[in-house]
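Here is a short report for a first look. Keep the sequence and the structure in view as you read.

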Amino acid sequence: MQSLYEAIGGHEGLLRLAEAWHTRVMADEIVSHAFSHGFHPGHTERLAAYWAEALGGPTTYSDTFGDETSVVRIHSGNGPHEEMDRRAIACFDQALEDVGLTVEPLRSVLHDYFAWATTTTMSRYPRSADDVPGGMVIPKWSWDGLE
């Protein structure tokens, strides 16, 4: 059975998805607030590399940019943001449609991954980025969910 990474279309498929999601969130009045301080010019490439690693692709993100601790710290210390999370997930679902990733069960598995990552991993430390422990590894997600 092919990995999620392969089913999405590898690096190019994930880059298209990351670009579509980023376009959607920047147009959303609530979610775009997360980027109001600016963002790395290679944000979509980094995001695609992160998703690739999480979904069964190469370890480019960990090898080049950092570990899960660094990602979670970026997303921490912003207080609770349930509405923003819901809207980010809705933007992801729309981005899946934008790039044609609508076949089941792929669409549902990707939705479940993004919703899980958004509402657990990325929201786990609302008080401070200093609360995030070191040495975390990028969680892996398969057709059956969290590995």
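## Where two helices touch

Which residues in α2 meet which residues in α3? The model is predicted, and the contact can be read from it residue by residue. On the α2 side are Leu-14, Leu-15, Leu-17, Ala-18, Glu-19, Trp-21 and His-22. On the α3 side they meet His-43, Thr-44, Glu-45, Leu-47, Ala-48, Trp-51 and Ala-52.

By class, this contact of α2 with α3 holds nine nonpolar residues. Three polar and two charged residues complete it.

## How the helices cross

Two packed helices are described by the angle and the distance between their axes. Helix α2 covers residues 10-27, and helix α3 covers residues 43-54. Their axes come within 8 Å. They cross at roughly 125°.

Angles over 145 degrees count as roughly antiparallel and 65 to 115 as roughly perpendicular, so α2 and α3 are oblique to each other. The crossing of α2 past α3 is right-handed.

## The largest pocket

The largest pocket holds about 910 Å³ of space. Its lining has 30 residues. Nearest the centre of the pocket lie Trp-21, Phe-35, His-43, Ile-74 and His-75.

Which helix gives the largest share of this lining? Helix α3 does, with five residues. At least two residues each come from α3, α5 (68-74), α6 (82-98) and α7 (106-119). By class, the lining divides into 17 nonpolar, eleven polar and two charged residues.

## Residues in both places

Trp-21 and His-43 belong to the contact of α2 with α3. Trp-21 and His-43 are also among the residues nearest the centre of the largest pocket.

Conventions. Residues numbered from 1 in each chain as written. Predicted model: local features only at pLDDT ≥ 70, side-chain atom pairs only at ≥ 80, totals over all residues. Heavy atoms only, no water. Axes fitted to C-alpha atoms, helices over the stretch in contact; angles between N-to-C directions. Helix = DSSP H or I, 4+ residues; strand = E, 2+ residues; numbered from the N terminus. Parallel < 35°, antiparallel > 145°, perpendicular 65-115°, else oblique. Left-handed = near helix turned anticlockwise from the far one by under 90°. Contact = heavy atoms within 4.5 Å. Nonpolar A, V, L, I, M, F, W, Y, C, P; charged D, E, K, R; others polar. 1 Å grid on protein atoms, 1.4 Å probe; cavity = no way out; pocket = protein on both sides within 12 Å on 5 of 7 lines; lining within 4 Å. Points joined across faces, edges and corners; volume = space filled by probe spheres on them.
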